[in-house]
Amino acid sequence: MSILKPLRAPSRALVSAAMLMALSNTSLVIAQGAPAGASGAADAPASSATPASSATPAGASTPAASTAPADAQTTADGKVKITTLEEWDNAFDGFMNLTAVVYNSYSGQDLGGHDLQYYWQRHVLTAATKEKLEALRDKAQKQSVAKDTPGLQKTFEEASAILTAERAKASAITNFLNAQQPVIYHQYQLGPWLLRATDADRAAISDRVTATYARLSQELDAVLNLPEPEPPGVAAQRFFKLIAEPVAFFNSERARLVQAQAEAPNPVAVSALTRGDKPCPPPTQPTKGRAKASLAPDFPSSDSFYPVAAKQNDVEGAVTVRAAISETGCIQRAEVAGTSGVARLDEAALELAMAGSYVPAAGADGKPTAGTLLFRVKFEQPDAFN
């Protein structure tokens, strides 16, 4: 049985940016660059999904929000409301610009081996939809010249409904791709352990990935075929509710594989950090009667060291750290005594250990003495996808 291979994943930054483009700006003005903090590159799987350039592709002019004199209104539930021909043109041009970016700048495959363009071409601003909008625009122009206000209002409402549906489709597709990112990320993190796993273990992971993609695809079809678009937040929850159970499964399976392979020959390499030439903090007095070193009261929380990409994708784990503490309470070395199964979580636990403060052990005479301390660092978050 073949081993699962890490996929070329659309980054969270890519998908989030696309969603922001489709929903946040009333005229669908193209947003340049990724949102701050949108991706943790240090622990993300290799991806070819980064936009080829932060600049707008040739031929896709991008109106600045401050220079768009009349943008179509968007209500809180995501509906487009066109009241003038100028608003219509701005909204349509914005959507065409967004489409140009999708067609020219994005790559990367989802769990089904498809990219954003694959879904966009089939569902968003298709040739039939553009033809209908163009016919309505011609009709609206004639109604405007004829001062047929009731007829023009009706045409505006029809065009608004079409653009609302197109925005909803764009949102559904970006939510669908975004929801897959945690699965892809977990699959990547499981890779080193699946290399040494049984065929049954690999089959279990593969089956869960396949089933998750199938369920998300069914949900996409359901959303795209709704008679009326749902509010953006409601639509997004449709997809992310489907991720909670698979993600919990991947976390538990990785922990189980780590435990099962603990005594296997040629173990997966783990990390260690040493103080080196960095100066120690001021000495700390030992606790009377305490024969072992301990964590100081101001020891930092694991949340402040939680790797961004791991946290975003709900990758959880516990790391057992072995720390060598000097007689002054200065940590000299930290090493992974028990891995979480995720290299970046292990490294973050070591970084936390080296940044923490300690109380040295007390010898028989009550004087401070060097010692070794074992402690666990847990990286976890509650109900990340519920």
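Q: Before we get to particular residues, what does partly exposed mean here, next to buried and exposed?
A: Buried means under 20% relative accessible area and exposed means over 50%, with partly exposed in between; the values come from a predicted model.

Q: OK, so where does cysteine 280 fall?
A: Cysteine 280 has a relative accessibility of 39%, and therefore counts as partly exposed.

Q: And which residue does cysteine 280 form a disulfide with?
A: The partner of cysteine 280 is cysteine 330, and the sulfur atoms of the two are 2.0 Å apart.

Q: Is cysteine 330 buried or exposed?
A: Cysteine 330 counts as buried, because its relative accessibility is 0%.

Q: Why is the disulfide called left-handed?
A: The torsion about the S-S bond of cysteine 280 and cysteine 330 is about -75°, which means that the disulfide is left-handed.

Q: How many disulfides are there in the count?
A: The count comes to one disulfide.

Q: Switching to the backbone, what is the phi of leucine 125?
A: Leucine 125 is not a glycine, yet has a positive phi of about 50°; this residue is placed in the loop between helix 3 (116-123) and helix 4 (127-145), and leucine 125 is buried at 5% relative accessible area.

Q: What about aspartate 314, and where is it?
A: Aspartate 314 lies in the loop between helix 9 (308-312) and strand 5, has a positive phi of about 55° although it is not a glycine, and counts as buried at 8% relative accessibility.

How values were computed:
Residues numbered from 1 in each chain as written. Predicted model: local features only at pLDDT ≥ 70, side-chain atom pairs only at ≥ 80, totals over all residues. Heavy atoms only, no water. Disulfide = S-S within 2.5 Å. Buried < 20%, exposed > 50% of the residue type's maximum accessible area, 1.4 Å probe, protein only. Helix = DSSP H or I, 4+ residues; strand = E, 2+ residues; numbered from the N terminus.
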